[in-house]
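Thanks for coming, everyone. Please have the structure open on your screens. I'll walk through it piece by piece.

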Amino acid sequence: MIQINDLTKVYKLTKKQMTEQKTKKNMMKAVDKLSLRAKPGEIYGLLGPNGAGKTTVLRCIATLLKPTQGDITVKGYDTVKDSENVRKTIGFLTNEIKLDPQFSPRYMFGFFGRLHGLNEEAIDKRREELFDYFGIKDFEDKKIDELSSGMKQKASLAVSLVHNPEVIIFDEPTNGLDIITARNVTDYLKLLRNEGKTVIISTHIMTEAEKLCDRIGIIINGILVTEGSLAEILEKTDSKDLEDAFFELFKIYNKEEE
Amino acid sequence: MEGIKNIIKKELTRVFTDKKLVISLFILPGVLIMVMYSIMGGLISNLEKDIEAHIPTVYIQNAPEDFGYIIDIVDYSGHITYLASSDSTDSITDGILKGDIDLLVIFDEDFRETIQSYKEIGDAIPEVRTFYNPTEDYSNAAKGNFTASVLYTYQQSLLAERFGNIEQLQIFHIDRNPDAGIIVDESKASGKFLAMLLPFLINIMLFQGAMGLGMDSITGEKERGTLASMLLSPIKRSEIVFGKLISLGILTSLSAVIYTVSVVIGIQRLSGGATGLMGNIKFTPVQIIQLFAMLIVLVYLYVSMVALVAVYARTQKEAGTYVTPLYILVMLGSIMTMFSSGAEKGIEYYAIPIYNGAIAMQDLLVGELTMAKFGVTVGSLALVAFLLTTLITRAFNSERVMFNA
């Protein structure tokens, strides 16, 4: 389970970043007093436009970033005070975090398995399962450098799940994937949910959120503007589909920010 | 500990399974160094042989009548042209300047007569003047040879003519056999040559190795986004730092060994006998341990210096820019030992990092490193390296440094 309480994340900007973003403020609030709870056996989707703060939230959960204010617990472990235990519990995947291109998926799988404290036997068993499911076996000994982006994504996916984590965090899980691989990934996420795992993803694709997520939180300018199941959100905003609902909310909250 | 072991294993596997990396890091530099020194050595000996084989063009003005006889006796080989006192020498000095002519020798007019008529102090003494161009190797050699063989012999024969018994002038000999008089500790003598060169080479080679590898293994990983995946594993950041530093240390030491061996082989080719002296160096077991300990802390220091820069740099290009001043610093520290006198240095000098490594190694090679100096050197190097490691760990924990956040 993931519990976020009043998470605020402020970035200090360098002079260069200030000119790039055309701002005179040297602080940027990426996330503002955000609270949410993702439960076991559900897929929670953070939906929002680019730059809304989705990735920041996920990175804070994954212990890569420290909250400026507020706190996050994963399965009861605090992400700041007990970050090592949090990292044992989670599997985190994003396009920006990559596997060393010099190695094969097989080697990387073993390496990260050992870093997670698994013994060789457990690693072999887990590799059999995951490589079989994702169809990695054909290229498991090829250098990652030589793989197509779809193959790379599959390999990253398998490696991030080596320790069979109870909490899965995915930043834009289907971004850049072809339609078949994307379906493969979303199917696997559903499987994980059905196994009782906690899954939280970020996405800016409305249909993905509609089809995949049990609950959706819409985030605009670092603020969680609404949260609930698809039906609840449609009812609250009096819209036909998620896209309409999003733009209703976007009209209200983007103006307020200005 | 498991984490550190795993990371070291992965880092070493990464380097040794990449053929291009192995070639560019270890094999190519080693071969290039050897080839470079060998070519240099070959060129120098060719040059020497060429000068030896060259037959100089010599002009002699006002040569005394018996001078030709002397030239025959010493078997001087040269294209000699004799000039009369009325001939102009302008075109000849011009030729020397251009390097076409090697030497002009001018005897005073009435050279023989002036010598003959010498009676007492104050009487005229004639002169032989030689004109040559010291920037031309042929001309320089021609002047040296001509003076030493022809003119000296001529002078001796005229002295014999004047005094009959030339031994009266000799009075006494100085070192008829100079080599027999040299009293030296062979090991220290060869140590002295190496003491000048080796600390410099080792310092530079170690740092160079650390530089290439460190930037790839830290900044490179950051740039490629592969470091973040390691930050997500449930191990302490300090374990990642130590894993990286130790594997870098191993690789750096390896490359330093390869480079140093190549340099030594290369120099042997370069100077023939000079490094034959190396066989004379004998280390005591204590000295070997001291050298080993110093090399290890030096590697640790250099690796952490490079790693600190590498972790702050965003791109490898940036890292390259930042690391250059450090490289110059290391060079400066080690060059200073090459030109310092043998004077005993105070113990405080051994507390200056980088410089102390070089002077301590120098002392060790000539057998003058005391335990106190050794202790201060290793202690101060290790202290600085440890402080740097703390800073690196802090950087690994900083989201600003790691994720540019």
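**Chain B, then chain A**

Let's start with chain B, which has 15 helices and four strands. Keep in mind that this is a predicted model. How is chain B spread out? Its radius of gyration is 32 Å, well over the 22 Å that the globule rule gives for 405 residues, so chain B is more spread out than a compact globule. Along its principal axes, the C-alpha trace of chain B covers about 105 × 45 × 35 Å.

Now the sheet in chain B. What is the order of its strands? Reading across, we get β2-β1-β3-β4 in chain B. This is an open sheet of four strands, and the pairing is mixed. At the edges stand β2 (79-83) and β4 (128-131) of chain B. Each has a single partner strand, so one side of each is left without a neighbour in the sheet. On average, neighbouring strands here are turned by 20 degrees against each other, direction ignored.

Zoom in on one pair. Strand β3 (residues 103-107) of chain B runs antiparallel to β4(B), and four bridges join the two. Find Leu104(B): its bridge partner in β4(B) is Phe131(B).

Which helices pack here? Helix α4 (residues 90-98) of chain B lies across β1 (57-61), β3 and β4 of chain B. Its direction is at about 145 degrees to β3(B). Helix α6 (residues 137-163) of chain B packs on the sheet as well, touching β1, β3 and β4 of chain B. The direction of α6(B) makes about 40 degrees with that of β3(B).

Next, a helix pair. Two packed helices are described by the angle between their axes and the distance between the axes. Take helix α11 (residues 285-312) and helix α13 (residues 355-365), both of chain B. Their axes come within 11 Å and cross at roughly 165 degrees. That makes α11(B) roughly antiparallel to α13(B), because angles over 145 degrees count that way. The crossing of α11(B) and α13(B) is left-handed.

Which residues of α11(B) meet α13(B)? They are Gln287(B), Gln290(B), Leu291(B), Met294(B) and Leu298(B). On the α13(B) side we find Gly357(B), Ala360(B), Met361(B) and Leu364(B). Sorted by class, this contact of α11(B) with α13(B) has six nonpolar, three polar and no charged residues.

Over to chain A. It has an open sheet of four strands, in the order β2-β1-β4-β5, with antiparallel pairing. The edge strands are β2 (27-38) and β5 (77-78) of chain A, and each pairs on one side only. Inside the sheet, β1 (residues 2-12) and β4 (residues 69-74) of chain A pair over five bridges. Asn5(A) stands opposite Asp71(A) in β4(A). Helix α2 (residues 54-61) of chain A packs on this sheet and touches β1, β2 and β4 of chain A. Its direction makes about 115 degrees with that of β1(A).

There is also a hairpin. Five bridges join β9 (residues 215-220) to β10 (residues 223-228) of chain A, and the two run antiparallel. Gly217(A) has Glu227(A) as its bridge partner in β10(A). Two residues lie between the strands of this hairpin, and Asn221(A) takes a positive phi near 50 degrees.

Last stop: where the chains touch. 20 residues of chain A are in contact with 19 residues of chain B. On the chain A side, α4(A) gives the most, with four residues. By class, that side has ten nonpolar, two polar and eight charged residues.

Key. Residues numbered from 1 in each chain as written. Chains lettered and ligands numbered in written order. Predicted model: local features only at pLDDT ≥ 70, side-chain atom pairs only at ≥ 80, totals over all residues. Axes fitted to C-alpha atoms, helices over the stretch in contact; angles between N-to-C directions. Parallel < 35°, antiparallel > 145°, perpendicular 65-115°, else oblique. Left-handed = near helix turned anticlockwise from the far one by under 90°. Contact = placed C-beta atoms within 7 Å. Nonpolar A, V, L, I, M, F, W, Y, C, P; charged D, E, K, R; others polar. Pairing = 2+ DSSP bridges. Rg over C-alpha atoms; globule rule 2.2 N^0.38 Å.
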